[in-house]
Amino acid sequence: MAETTYDIAIIGGGPAGYTCAIRAGQFGLKTALIEKADKLGGTCLHVGCIPTKALLFNAEVYDHLKHAKDYGIELAGDAKLNWKTILDRKNQIVTKHTKGLDFLMRKNKVTVVPGFGRLTGPAKDGVHAIEVTDTTDKTSQLKTKNIVLATGSDAKMLPGLSPDDKILTNIEILSIPQIPKSQIVIGAGAVGVEFASIFRSFGSEITLVEYLPRLVPVEDEDVSKELARAFRKRGIDAHTGAKVEKVEKTKTGVKVTFTASDGKQVVKEAEKVLVAVGRAGRVEGIGLEKTKIKPERGFIKTNEWMQTDEPGVYAIGDIVAGLPQLAHSGSMAGMVVAAKIAGKYARPIIRQRVPACTYTEPQIGSVGLTEAQAKEAGHTVKVGKFPFTGNSKASIVDSHEGFVKVVADTKYGEILGVHIIGPQATELIAEAVTAMELEATVEDMMYMIHAHPTLAEAMLDGFGSVEGLAINA
C-alpha cells in the first residue's frame, strides 16, 4: 500500500463511504475504501435500514392476510408466522446486496483495504498517510491526496446498561430467536416506532416510552398526533413526556420504571426492552487529535462541501454535525465530495431538502420546515391538508388513514415543507423533494397532471388544499 498514492481514501464502508468510493471510481480517481468489518455495507445494510424494512414488509403482508376474507381470499386457517423463515428472508436480502457491493467495487476499480484506519497528522507535500491496522494487529500505511471520514455511528445506550439477550439495541433485536410476547420500547424516534410497529403487527404487546412530549418529535406536530392516534387504534400503549428511572432484569424478562407525564410512577414488565434513544458518531480512536479537527459532542463540523478544519480531510454521513443521520444524506454527501475532489459539477446539500422517512404503519415521509418551524423562521404561512380518505386508490389498497400537509409561504406560494402520513408516504415524498429542489410553487404543482387512480393524486389535492381548491375533499 505504501508504494501507491491514492487520489482519495475513504475510512468506512457504509452507505456514505461506499457511495463516495463508487462515484470517485466513476470519475476515474484512484480510490481506496478502508473497512474494519469483514463486509461492506455498514449499519444500514446489515443492522439498519435494509433488514428493518424487510421485516416491515413482512408485517405489512401479515396485516393484510389477517383480513384476507375481506379481499375474497379464502385461507385454510388463520395466517401464521414462521419467524425463522422471516429472518432467513431478511438475511438473504442483506447477503444479496452485500455481494452487489463487492461487484460494484470491482466494477469501479475501487481498492478495498480491510482494517481500521487512523489519521496520522497533516499532509506532507500534499500527501496524507493513514495507518491501517488489520485483524492480526499488523499495521501498514496508506498514502492518499484526500481523506474522507465515513466511520458512521453506534446506538446510544442508557447509563448503566449494556446490550444482552433481554436489553436490546437495533442489532440484537434483528436476531432474537423468537417473537416476544411483550416488549417495552424506550425512545419514539424513527427506530423506536418502526420496531414498535413491526412487533405489534406480529402480535407482541408493546409499551412505548418517550421522554419528549410527542411521538416522532422531529416531525410536524400534526403528524405526531396522527401517529399517536393510529398507534392507540392498533393497541400500542404509548407514553410521552415520560422519564425512565430504572431498567431491571427479572427472571422472565425486564422491568422498567418511569415517571409519566402526570408525575406518577409507572412500572411495566415485559420479555424484552429495546433501547432506541439515538445514535452517537464514531469519532474515537481515528486520530482526530493529530489534526485540526475538534469534534463537538461526538460530531465533526464541516463546511457546505463537507470539508473539515484539516486541509484535505472531508467528513460525510452520521459523524457530521447538523447532517441528518440518514443513509441517503450520507450517500449524497459522498457523491458531493467525490465530485468536488474530481473537479466535476456538484451542489452542496441543502439541509431543508433532505427527506425523512419512517416506515411504520402508517408510513411517514417529510421534507422541509414544519408549520411551527416556518412560523418561527418569520414566514407568513398558509397550510393545506388533504386526507387520504378522499383518495380512491387509498380506499382500493385499504389504507386510507392519514393526510398530506403542505406548508407554504403566503407571498409567492413557495413550498416550505411537505409532511405526509399514510399509505406509501415514504415513496410519495420524492415528489415534494423534487418540487422543492426545482423551486416549484404551490401554483406550479396544482397544474402538474397526476395519473388516476394513484396515491400520488393525494399530492395534487394536497397542493390544491393550500388555496382551498382540493377537488376530492
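Biologist: What makes strand β14 (residues 243–249) and strand β15 (residues 254–259) a pair, and which way do they run?

Modeller: This is a predicted model, by the way. Two strands count as paired if there are at least two bridges between them. β14 and β15 are joined by 6 bridges, so they pass, and they run antiparallel. One of the bridges links V247 to V256 in β15. A hairpin through 4 residues takes the chain from β14 to β15.

Biologist: How do you know that β15 also pairs with strand β16 (residues 265–270)?

Modeller: Same test: at least two bridges are needed, and 6 join β15 to β16, again antiparallel. K255, for example, has E269 in β16 as its bridge partner. In the hairpin of β15 and β16, 5 residues sit between the strands, and G263 there takes a positive phi near 90 degrees.

Biologist: Now for the open sheet: in what order do its 5 strands come?

Modeller: The order is β20-β21-β24-β23-β22, with antiparallel pairing.

Biologist: Why are β20 (356–358) and β22 (381–387) called edge strands?

Modeller: Each has a single partner strand, so one side of each is left without a neighbour in the sheet. From one strand to the next, the twist averages 10 degrees.

Biologist: What makes strand β23 (residues 403–409) the partner of β22?

Modeller: Count the bridges: 7 join β22 to β23, and the two run antiparallel. The cut-off is at least two, so they pair. V383, for one, is bridged to V407 in β23.

Biologist: How do you know that helix α12 (residues 457–466) packs on the sheet?

Modeller: α12 touches β22, β23 and β24 (415–422), where contact means heavy atoms within 4.5 Å. The direction of α12 makes about 145 degrees with that of β22.

Biologist: Let's turn to the second largest pocket: what is its volume?

Modeller: About 1000 Å³. It has 33 lining residues, and the closest to its centre are D63, H64, E361, D398 and S399.

Biologist: What makes a residue part of that lining, and which helices each supply at least two residues?

Modeller: A lining residue has an atom within 4 Å of a point of the pocket. The helices that each supply at least two are α3 (49–65), α5 (190–201), α6 (221–233) and α10 (425–437). The largest share, 7 residues, comes from α3.

Biologist: How many of the lining residues are nonpolar, polar and charged?

Modeller: There are 11 nonpolar, 11 polar and 11 charged residues. Asp and Glu count as charged, so D63, E361 and D398 go into the charged class.

Note on methods. Residues numbered from 1 in each chain as written. Predicted model: local features only at pLDDT ≥ 70, side-chain atom pairs only at ≥ 80, totals over all residues. Heavy atoms only, no water. 1 Å grid on protein atoms, 1.4 Å probe; cavity = no way out; pocket = protein on both sides within 12 Å on 5 of 7 lines; lining within 4 Å. Points joined across faces, edges and corners; volume = space filled by probe spheres on them. Axes fitted to C-alpha atoms, helices over the stretch in contact; angles between N-to-C directions.
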